[in-house]
Amino acid sequence: MRARVVSALVLAATLAGCYILRPSSGGGQTDFTPPRKLNAADVALPPGYRIEVVASGLTFPTGVAFDAQGRPHVVEAGYSYGEVFTTPRLLRIDGSTPVEVARGEKNGPWTGVAYANGAFYVAEGGQLQGGRILRIAPDGRITALVEKLPSHGDHHTNGPAIGPDGQIYFTVGVATNSGVVGEDNFQFGWLKRFPQFHDIPCRDIELNGHNFESRNVLGDGRANTGAFVPFGTQTRAGQVIKGQVPCSGAVHRVSPDGGQPQLVAWGLRNPFGMAFGPDGALYVTENGYDDRGSRPVWGTPDVLWRITPGAWYGWPDYAEGQPITNSDYRPPGKSRLQTLLAKHPGQPPKPVAVLGVHASANGFDFSRSAAFGHVGQAFIAEFGDEAPTTGKVLHPVGFRVVRVDVTNGRIEEFAANKGDKAGPATKVGGAGLERPVAARFDPSGNALYVVDFGVLLQDKQGAKPQAGTGVLWRITRG
Amino acid sequence: MRKVLLAAMALALLGCQSARRGEPVIGPVTFSEKESRGQVLFDRHCHKCHTHGEGGLAPSINDKPLPKFMMRLQTRVGMGAMPSFSREQISEEELDALLEYLVALRRAGR
């Protein structure tokens, strides 16, 4: 019996491989020689569905929406990780050549777009001037409904989604990975521009006073940094950080006429995708923690949440509704994490679905058409991992569209590249998908449009996005 | 003992089929009621690391011919970076369903 157990362990170890010894093999860890090749036949779909290219040559597209005539409009971000600034634009996809409807300022990334009441609403990420929610009239005039949102950091102002109440819902991602400004934020680029920037809680919080030592990237020697304070600032046990709105890691809403944003829910890390479900509730995809920075967290998934107004979702001390002190989240070779908050604002809810670690589950929509199928299920675009910057992976994660049954959390692959291995076309060969960043049904519900950000390579120095490689795809049935 | 180790190496070498099992790649797969329950449990507990069973943060498992008792052991005791799962997290009945699903998924790739 003992020999059987030993043999079993040896066999399991042999077959499982050793995580520690194996190198990272993320989807972005590859090469690219332009131009990007496209062939819809290289994308695998369930029987009965077909995919086609609607537009190509886009630069960092992030969202799609449809005007009153049902014409697709795409936003180009105007900024990408890798510190590449371009011009944010709203484009009408009408024929083979996109038509520019509006162009924004150097304050990207524009992370998404919605259409309602005869106008487009755009979430402007706010790398340089802070986040904004923009209203764009059909003639291209831009009006800011909200300005100076705290999104100069790792994550941005995201959304928006139009609620059943007519309000504009949007999110603000957190500035850091897990609450502490560190060297990783310097590598992102924003810490040089905004050395005083940090996460802002939505309500008053009391700290445990943990400080984290790092290289002093803004000066000489070493630095000690606490949570929810600028780089190089220490905190003490019992210290209270005043909450304010707008804030980091939260869902907000604002009237279509503008005004002061209201808090809807908080404690979210990077709530990126937003959609209202058939039950009228708001659902949000959240990008989980990374294994980076002064307080790295390992093995935390992206999740799909059903948003309960007023609830706290756990960041920076919970992941997927579980305490971050759980040994599962301890990076290999490092100590178990400690909580930053002395008292937690509540018990986080359970997620609707638990997606892949580093999948970057982003924009999504619910099917409402029997002709398309899977009515009531969420179709989620997975941008794909950004390993090794965000942490090591053994295989590419994401780079596809999945569908989720929100009644039981089942996740099914829906659109992905063909081949023996999954990943972006630049990694696995062929001329199919790269990085799906948003998925939205057209007004009929019979066509699913998938926004493909394009090629974004990754190495230890960070992201290397490739302008002009973005694509808008369309999936139909029958 | 030596025979088991040799078998282990042979099985490891055999594990070179594609791990992909998604509907777009291999077509629809019909699962039993128990296997379907196992899928829900897999998606809750395992999918995040062994994404779609193809691997991601962690290795692929769809293409590894591990017997059920070994998968059960690994789930309960953990191994390397893989955490262990207690009976409070996954009951014996649930683990049975989960393993049935994994075996069915592996078989679906042939």
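**Exercise 1. State how strands E10 and E11 of chain A are joined, and by how many bridges.**

Solution. Five bridges join strand E10 (residues 119-124) of chain A to strand E11 (residues 131-136) of chain A. The two run antiparallel. Strands pair if DSSP finds at least two bridges between them. Now pick a position: Val122(A) faces Leu134(A) in E11(A).

This is a predicted model: local features need pLDDT of at least 70, side-chain atom pairs count only at pLDDT 80 or more, and totals for chains, interfaces and linings use all residues. Residues are numbered from 1 along each chain as its sequence is written, and chains are lettered from A and ligands numbered from 1 in the order in which they are written.

**Exercise 2. Give the strand order of the open sheet in chain A and name its edge strands.**

Solution. The order is E9-E10-E11-E12 (chain A), with antiparallel pairing. The edges are E9 (110-116) and E12 (142-149) of chain A, each pairing on one side only. On average, neighbouring strands are turned by 15 degrees against each other, direction ignored.

**Exercise 3. Describe how H4 and H5 of chain B cross, and which residues meet.**

Solution. Start with the axes. Those of H4 (residues 68-77) and H5 (residues 92-108) of chain B come within 11 Å and cross at roughly 125 degrees. H4(B) is therefore oblique to H5(B). (Under 35 degrees counts as roughly parallel, over 145 as roughly antiparallel, 65 to 115 as roughly perpendicular, the rest as oblique.) Next, the residues. Lys68(B), Met71(B), Arg72(B) and Thr75(B) in H4(B) meet Leu95(B), Leu99(B), Leu102(B) and Val103(B) in H5(B); contact means C-beta atoms, placed from the backbone, within 7 Å. By class, five are nonpolar, one polar and two charged.

How values were computed. Axes fitted to C-alpha atoms, helices over the stretch in contact; angles between N-to-C directions. Helix = DSSP H or I, 4+ residues; strand = E, 2+ residues; numbered from the N terminus. Contact = placed C-beta atoms within 7 Å. Nonpolar A, V, L, I, M, F, W, Y, C, P; charged D, E, K, R; others polar.
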